[in-house]
Amino acid sequence: MKRTIFLIFSFSHFLIFLTSCGHKTQRANTRDTIPMQPCPEFVAANAMRCIKAQCDLGPRVPGTKAWHDCGDSIVAWFSALGLRVEEQQTEVSLYDGSRVPCRNIIARLNPTNHDRILLCAHWDSRPWADNDADERNHHTPVPAANDGASGVAVMLELARILSLADSIRTGIDFICFDVEDAGTPQWSDDLSDANSWCLGSTYWSEQAQANGYQARFGILFDMVGGRGSTFSREGYSLQYAQPVVDMLWHIAHQLGYGHFFPLSDGNYITDDHLSVNQIARVPCIDIVPYHTDGPSSFGPTWHTLQDTPENIDPNVLEAVGQSVLQLIYNDGK
């Protein structure tokens, strides 16, 4: 993760998919009050334990033992919750032409229901801490507590809660995308290739489009636990799935998490949701931090060796997890 894109789009581009998110999710005005369905508590401590368990294995760089062991653990965790787990395994080419294995992990709740919601995150670690202040660390893998493990952990806690919920009949697909974060390093002579990022989600989206996969909407979790994080409304999310953005930000404010979800617009980010929107044609939003102070809009630990569990804030995990859980309870019956 990730490339920040500053683009000006024609008005017609903003009309794509604004009404394609299904009849249940409607545009919300944050001054109104949404009736809230009874909803369980998102337990941030469980997500914290999951982040630490992933990081204890080491950086999950594709092809390494830590990557293999973490993938097996994710499969086991979802399976233990009673979800149907599938895998996509392939090889992809990195920015320099080298080939690495790619393992997308898919867990399905209520797999026979054709009415589906997509939740997703990437689970790999960046092979290079190329944003670290110390240049000697630039070729060292990132621990990836926030940029990787946090999204998986939030999804697993959501899966635990939803697997116990008799009232939730909607099908929910949890997808852990691989090889998201092996895009062109900063020391490369050519930083212009946005196609070097998000390789696992591109492969999944191509397969989903070919197989006629459908979901009403999707939510991508990326770096959803960093200290000091707030989540502005990402540009492509507004372009392709504004009704979902409106509803989630409204719910977050009504739950008291407005500080974490400011009513302001962020950047356009090349992230896993882009291929989900453009190739799989599922309207998908990105919950991704937007820092306005510091060297990176993604936060001070982005692509550094400081991306460790000690720099994760359970309050941020709770704000994201509880808001999405409430959205599903309001919308996903």
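Is Cys176 buried or exposed? Cys176 is buried, at 0% relative accessibility. Buried means under 20% relative accessible area, exposed means over 50%, and partly exposed lies in between, with a 1.4 Å probe and protein chains only. The model is predicted, so local features need pLDDT of at least 70 and side-chain atom pairs count only at pLDDT 80 or more, while totals for chains, interfaces and linings use all residues. Residues are numbered from 1 along each chain as its sequence is written, and side-chain values use heavy atoms, with hydrogens and water left out.

Stay with the cysteines. The cysteine sulfur closest to that of Cys176 belongs to Cys70, and the 8.6 Å between them is too far for a bond. A disulfide is a pair of cysteine sulfur atoms within 2.5 Å. By this rule there are zero disulfides. Cys102 also counts as buried, with 2% relative accessibility.

Next comes the interior. A nonpolar core is a set of buried Ala, Val, Leu, Ile, Met, Phe, Trp, Tyr and Cys residues joined through side-chain atoms within 4.5 Å. The largest such core has 65 residues. Leu119, Phe174, Phe221, Phe261 and Ile287 have the most contacts inside it. Helix 3, residues 145–163, gives the most to this core: eleven residues. Helices (H or I, at least four residues) and strands (E, at least two) are DSSP runs, numbered from the N terminus. Another core, of 14 residues, lies apart from the largest one. Among its members are Cys120, Leu220, Val276 and Val282.

Phe174 shows what the contacts look like. Contact means heavy atoms within 4.5 Å. Leaving aside residues up to four places away in sequence, Phe174 touches Phe78, Leu83, Ile105, Ile106, Ala107, Leu109, Leu119, Met155, Leu158, Ala159 and Leu162.

Now the aromatic rings. Rings of Phe, Tyr and Trp (its six-membered ring) pair if their centres lie within 6.5 Å; planes under 30 degrees apart count as stacked, over 60 as edge-to-face and the rest as tilted. The structure holds eleven aromatic pairs. One of them joins Tyr95 and Trp128 edge-to-face, at 5.8 Å centre to centre and 90° between the planes. Tyr95 sits in the loop between strand 2 (84–93) and strand 3 (99–109), and Trp128 in the loop between strand 4 (116–122) and helix 3, so the pair ties together parts that are 33 residues apart in sequence. Tyr95 is partly exposed, at 28% relative accessible area. Trp128 counts as buried, at 12% relative accessibility.

Trp187 leads on to Asn131. Their C-alpha atoms are 10.0 Å apart in space, and the two residues are 56 apart in sequence. Asn131 lies in the loop between strand 4 and helix 3. Asn131 is partly exposed, at 24% relative accessible area. Beyond residues up to four places away in sequence, Asn131 touches His138, Gln186, Ser296, Trp302, His303 and Thr304.

Pro295 lies in the loop between strand 8 (284–287) and helix 7 (314–331). Pro295 is exposed, with a relative accessible area of 80%.

His303 is found in the loop between strand 8 and helix 7. Its phi is near 55°, a positive value in a residue other than glycine. His303 counts as buried, at 2% relative accessibility. Asn110 also has phi near 55°, again positive in a residue other than glycine. Asn110 lies in the loop between strand 3 and strand 4, and is partly exposed at 25% relative accessible area.
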